[in-house]
Amino acid sequence: MSKYEDDEEEWRAIGLAAPARRALVDAKLYKVSDLRKISLKDLENLHGMGKSAIARIKVVMHGKKITFRN
């Protein structure tokens, strides 16, 4: 069992690839609502976070009316 298994459940559910999921968990971001804590620039700078993952995250955030920190 991976050390990420329990913490990445929400990211897996929205269809993010493993590198993006690990990047989010390593940054202590375990669910979509946690993204309020960081800026888009910070998210883009996470190792493993690609354009596809960022696009997917933005769609989910928009649907939940969540915005990045400025």
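How exposed is Lys64, in terms of relative accessibility? In this predicted model, Lys64 has a relative accessibility of 46% and therefore counts as partly exposed, and its side chain meets that of Glu10 in a salt bridge with an N to O distance of 3.8 Å. The pair links distant parts of the chain, since Glu10 belongs to helix H1 whereas Lys64 lies in the segment after helix H4 (51–63), 54 residues apart. Glu10, at 27% relative accessibility, is likewise classed as partly exposed.

| Salt bridge | Closest N and O atoms |
|---|---|
| Glu8 with Arg21 | 3.4 Å |
| Asp42 with Arg69 | 3.4 Å |

Glu8 and Arg21 form a salt bridge; Glu8 lies in the segment before helix H1 (9–13) and Arg21 in helix H2 (residues 18–26), so the pair ties together parts that are 13 residues apart in sequence. Both of these residues, Glu8 and Arg21, are buried, and together with Arg12 they are linked in a network of salt bridges.

Asp42 forms a salt bridge with Arg69; because Asp42 lies in helix H3 (residues 40–44) and Arg69 in the segment after H4, the pair ties together parts that are 27 residues apart in sequence. Asp42 has a relative accessibility of 32%, which means that Asp42 counts as partly exposed, and Arg69, at 43%, also counts as partly exposed.

Conventions
Residues are numbered from 1 along each chain as its sequence is written. This is a predicted model: local features need pLDDT of at least 70, side-chain atom pairs count only at pLDDT 80 or more; totals for chains, interfaces and linings use all residues. Side-chain values use heavy atoms; hydrogens and water are left out. A salt bridge is a side-chain nitrogen of Lys or Arg within 4 Å of a carboxyl oxygen of Asp or Glu. Helices (H or I, at least four residues) and strands (E, at least two) are DSSP runs, numbered from the N terminus. Buried means under 20% relative accessible area, exposed over 50%, partly exposed in between (1.4 Å probe, protein chains only).
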